[in-house]
Amino acid sequence: MGLVCSTAQLACLCGSAACSFCCSQCPSCRNSTSTRIMYALLLLLGTIAACITLAPGLQNALKKVPFCANSSTYVPSEVTLDCDSAVGYLAVYRICFILSLYFFLMSVIMIRVKSSRDPRAAIQNGFWAIKYLLIIGGIIGAFFIPERSFGSTWMYFGMLGGFLFIIIQLILIVDFAHTWADAWVGNYENTESKGWYAALLGATFFNYAVSITGVVLLYVYYTHQSTCALNKFFISFNLILCVITGVVSILPTVQEHQPRSGLLQSSVVTLYVVYLTWSGISNSPDHQCNPGFIPGLSSHDVTTQNRIAFDKESIIGLIIWFSCVLYSSLRTASKSSKITMSENVLIQDNGAVRNAGEQSLIGNEVEGRNADAEGGNEAKVWDNEEEKVAYNWSFFHLMFALATLYVMMTLTNWYKPNSSLDTLNANAASMWVKIISSWMCLGLYVWSLVAPALFPNRDFS
């Protein structure tokens, strides 16, 4: 429903007529949800644009553009563009530079906004046509930035931002695991249906089966009998930690404080840790232990860059990334949010009711303001943040800025585009970022299990 309302908001870019038509066809939804989905759509469109620049054959097509410095069609001009930087990894860096800059700026502007009565609320929830035009203009201008040290410098910002977003992603995945298990165990307890019990066992078995298969494949393809000690350590250590985590989840003390915790959450976390382990060791600079290692290729070989950027690891990473972005945009904070610390990421239920003027303040409920409703029309996207915002606007934009940097590093395989190294898919720094992330994921999940037992006087409900 929120996605349909966001589509109506997007139609407002085309004029009031298109906006009115789309709004008349869609159901009503909260303004807080609709706005978050609109920003998620903006981020998705930027990611698609970045992916297009990695498309094979684009470099040859750009040589026909007159303003390119290396164009085959010569047109005198004082302003020319090196079209080699308009494709491949360098283009991804420029597009994501503008997107992340936009979200960082919005994060600063929205600091300490308490409700939609703040004058800055119009910037947050409206002016979509101006926002898109500014971003498009910024992306065009970014291609005229001289290369020099731009790529190498921005890579370090991207690596730091990508790592910080991985932490947020870990929080969302752990929250998803708790929410999933809580819902299915609750359905089983309420209905005592064998179908829900079978679903719990089936999902847990499937996740663990895929995880074990993944570990076996990692040993087969990323280790050798007499070498690859570091890879063996990463795989074995993470496997041991996952087993310990599974045991902790079913300890009597943990079950006493969290009756619905169990192996389903652990299987989800284990599966994600196996993915992070694979992603980490696939960036190992040791060519003997990395089957994806491609030596002796120039960093400006666009064809090779494109092929590497769309490997299986990057595709899975993007799927997980977009799932987390949508989850954070649509999900309302639940009782597990305090344990997983995702209460600052997800939307809070501020108790705003829909029909302004028809319901009085009951308890902590507040009326949602809507201009259409006040004018006698049916409210479509209604304001539920007049008294209190449903989420931290500044932190939301900061999270999306970090998400943009994560996308940039994923599409470029965490690689420095103008490095003098002769390998395209080996980066020790990115390997350690992902391995450390896997340990943080397990640590965060174990904390969510033992926190209620360690602090029994604290309210985690």
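What percentage of the 461 residues in the protein do buried residues make up? Buried residues make up 50%. Here buried means under 20% relative accessible area, exposed means over 50%, and partly exposed lies in between (1.4 Å probe, protein chains only).

This is a predicted model, in which local features need pLDDT of at least 70 and side-chain atom pairs count only at pLDDT 80 or more, while totals for chains, interfaces and linings use all residues. Residues are numbered from 1 along each chain as its sequence is written, and side-chain values use heavy atoms, with hydrogens and water left out.

## Overall build

The protein has 18 helices and four strands. These are DSSP runs, numbered from the N terminus: helices are H or I with at least four residues, strands are E with at least two. A contact means heavy atoms within 4.5 Å. Among contacts with a separation of 6 or more, 76% join residues 24 or more positions apart.

## Two helices

The expected span of a helix is 1.5 Å times one less than its number of residues. The table sets the computed reach, from first C-alpha to last, beside that value.

| Helix | Residues | Number of residues | Reach | Expected span |
|---|---|---|---|---|
| H7 | 128-142 | 15 residues | 21 Å | 21 Å |
| H14 | 312-330 | 19 residues | 27 Å | 27 Å |

Look at H7. Its residues Trp 128, Lys 131, Tyr 132, Ile 135, Ile 139 and Ala 142 are buried. Seen down the axis of H7, these buried residues fall within an arc of 95°, so they line one face of the helix. The arc is that of the directions from the helix axis to the C-beta atoms. Leu 133, Leu 134 and Ile 140 lie on the other side of H7 and are exposed.

The side chain of Arg 94 reaches the backbone oxygen of Ala 142 at 3.2 Å. Arg 94 belongs to helix H5 (residues 88-109). Arg 94 is buried, with a relative accessible area of 1%.

## The core

A nonpolar core is a set of buried Ala, Val, Leu, Ile, Met, Phe, Trp, Tyr and Cys residues joined through side-chain atoms within 4.5 Å. Which residues touch the most other members of the largest nonpolar core? They are Trp 321 and Phe 400, out of 91 residues. Helix H8 (residues 150-191) gives the most to this core, with 14 residues. A second, separate core has five residues, including Leu 200 and Leu 264.

Trp 321 is one of the buried residues of H14. Leaving out residues up to four places away in sequence, Trp 321 touches Leu 43, Thr 47, Phe 165, Gln 169, Ala 403, Tyr 406 and Val 407. Cys 324 is also among the buried residues of H14, at 7% relative accessibility.

## Cysteines and loops

A disulfide is a covalent bond between the sulfur atoms of two cysteines. The search counts a pair of cysteine sulfur atoms within 2.5 Å. Across the whole structure, the search finds zero disulfides. For Cys 242, the nearest cysteine sulfur is that of Cys 441, 8.4 Å away. Cys 242 is buried, with a relative accessible area of 6%.

Most residues other than glycine have a negative phi. Arg 112 has a positive phi of about 65°. Arg 112 sits in the loop between H5 and helix H6 (121-125) and is exposed, at 64% relative accessibility. Cys 228 also has a positive phi of about 65°. Cys 228 lies in the loop between helix H9 (194-222) and helix H10 (229-249). Cys 228 is buried, with a relative accessible area of 6%.

Note on methods: Polar contact = N/O pair within 3.5 Å; in protein donor to acceptor, adjacent residues only side chain to side chain.
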